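Welcome! Here is a short briefing to read alongside the sequence and the 3D view.

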Amino acid sequence: MLFHGVHKISHPSSLDFISKQLASLDLPQILSYGVFVGEVIAPLMIVFGFFARLGGLLVFGNMIFAIVLAHRSQLFTVDWHRNCNYCLLSGLATYST
């Protein structure tokens with residue numbers, strides 16, 4: 001994650017995709033800057049052990065946003081040749097309880 005965040009810092013135009021996806025969901029485009037928190041600050045918090053649980057929660061939230069923004073059309077589909085997102089999500093929900 002940290003390397004993705006560093007790439008986004010060095011290439012700010014990569015936020016355009018995220019901004020467009022947020023706009024398609026009628027969410028404010030300013031939320032695209034949250035990727036810096038989820039991909040730079042939170043991993044550093046985990047690596048250095050400074051509020052590591054909060055950092056893990058921020059990474060989790062960042063990944064939920066990434067799944068919803070980039071793969072929402074595939075979220076509940078079963079494609080045995082590529083992936084099984086619904087099976088993955090239901091398995092995670094089963095083991096987390």
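Helices here are DSSP runs of H or I with at least four residues, strands are runs of E with at least two, and both are numbered from the N terminus. This is a predicted model, in which local features need pLDDT of at least 70, side-chain atom pairs count only at pLDDT 80 or more, and totals for chains, interfaces and linings use all residues. Residues are numbered from 1 along each chain as its sequence is written, and side-chain values use heavy atoms, leaving out hydrogens and water.

**The chain as a whole**
- The chain has five helices and two strands, in the order α-α-α-α-β-β-α from the N terminus.
- Of its 97 residues, 23% are buried (under 20% relative accessible area, with a 1.4 Å probe and protein chains only).

**Helix H3**
- Helix H3 (residues 34-48) has 15 residues.
- A kink of about 30° lies at isoleucine 41, shortly before proline 43; this bend is the angle between axes fitted to the seven residues ending there and the seven starting there.
- Buried residues in H3 are Val35, Gly38, Glu39, Val40, Ala42, Pro43 and Met45.
- These buried residues pack against helix H1 (2-10), H2 and helix H4 (52-71), with contact meaning heavy atoms within 4.5 Å.
- After H3 comes glycine 49, with a positive phi near 75°.

Conventions: Buried means under 20% relative accessible area, exposed over 50%, partly exposed in between (1.4 Å probe, protein chains only). The expected span of a helix is 1.5 Å times one less than its number of residues.
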